[in-house]
Amino acid sequence: MLTRRNFLAVAIAGMTALLAGCSGEKDEAPAADSATDPVEDAPAADAAPAGNVLVAYFSATGNTEGVATAIAERLGADVFAIEAAQPYTEADLNYSDDASRTSVERADGTNPVLTQVTPDGWADYDTVLLGYPIWWGEAAWPLRTFVAGNDFTGKTVVTFCTSGSSGIGGSAEFLAEMAGTGDWREGERFSAVAGDEAAEWAAGLEL
């Protein structure tokens, strides 16, 4: 027969055991969480890495170069300068002179010789942002050589141009027709000092 003192002792022992059991359950919770933390922090198994982006541009006076550099820095993209084997002088760019180099090349439909037609690692790029100045409403002539000399199969191509007043017009469509391959998207025109604007535009493309 339990005395009052013995009954209290048994009750206290039972409560102590019960509390100990509850305490043990709480101790297990962090261990379970820690086991699942690495799974939650790890990237999804089917997440694909971002594709490689190249900013390729021709710049006769430095205007397009400035815009292209701003775009490349914003995107963390590689850069390739399309360079004429014979650099254009100020006299060559005199559009009002019918005897100037650019005027003659325009009339003859010349594709100027480039120092390098195909960028290193060209096959590895998924997206190409192609920049150029506008000459007589068209893409500067060195772009003819670059586009004709490269295979754009499997690549997304977005053009951008610089000009004093002319829009991008049909310059991109002409280049796309010349290339014959690639997924050519709508391009954009910028002024010579619109580097920040161009960078924001490029970021909005979600490449």
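Glu105 is buried, at a relative accessible area of 9%, where buried means under 20% relative accessible area, exposed over 50% and partly exposed in between, with a 1.4 Å probe and protein chains only. This is a predicted model, in which local features need pLDDT of at least 70 and side-chain atom pairs count only at pLDDT 80 or more, while totals for chains, interfaces and linings use all residues. Residues are numbered from 1 along each chain as its sequence is written, and side-chain values use heavy atoms, with hydrogens and water left out.

Helices (H or I, at least four residues) and strands (E, at least two) are DSSP runs, numbered from the N terminus. After α3 comes Gly109, with a positive phi near 70°.

A salt bridge is defined as a side-chain nitrogen of Lys or Arg within 4 Å of a carboxyl oxygen of Asp or Glu. Because Arg101 and Glu105 are four residues apart in helix α3, about one helical turn separates them. Arg101 is buried too, with a relative accessible area of 15%. Asp92 joins Arg101 and Glu105 in a network of salt bridges.

By this rule the structure has five salt bridges. The table lists some of the pairs.

| Pair | N to O distance |
|---|---|
| Glu200 and Arg74 | 2.5 Å |
| Arg185 and Asp183 | 2.9 Å |

In the pair of Arg185 and Asp183, both side chains belong to partly exposed residues: Arg185 has 45% relative accessibility, and Asp183 has a relative accessible area of 35%.

The salt bridge between Glu200 and Arg74 links distant parts of the chain, with Glu200 in helix α6 and Arg74 in helix α2, 126 residues apart. Glu200 is partly exposed at 49% relative accessible area, and Arg74 is partly exposed at 42%.

How do the two helices pack, and at what angle? Helix α2 (residues 63-75) and helix α6 (residues 195-204) meet at about 40°, with their axes 8 Å apart. Axes are lines fitted to C-alpha atoms, for helices over the stretch in contact, and angles run from 0 to 180 degrees between N-to-C directions. Helix α2 is therefore oblique to α6, since angles under 35 degrees count as roughly parallel, over 145 as roughly antiparallel, 65 to 115 as roughly perpendicular and the rest as oblique.

On the α2 side, the contact (heavy atoms within 4.5 Å) is made by Val67, Ala70, Ile71, Arg74 and Leu75. From α6 the contact residues include Gly195, Ala198, Trp201 and Glu200. The residues of this contact divide into nine nonpolar, one polar and two charged. Here Ala, Val, Leu, Ile, Met, Phe, Trp, Tyr, Cys and Pro count as nonpolar, Asp, Glu, Lys and Arg as charged, and the others, Gly among them, as polar.

**Trp136**

Trp136 lies in the loop between β3 and β4 (138-139). Its phi is positive, near 50°, in a residue other than glycine. Most residues other than glycine have a negative phi. Trp136 is partly exposed, with a relative accessible area of 31%.
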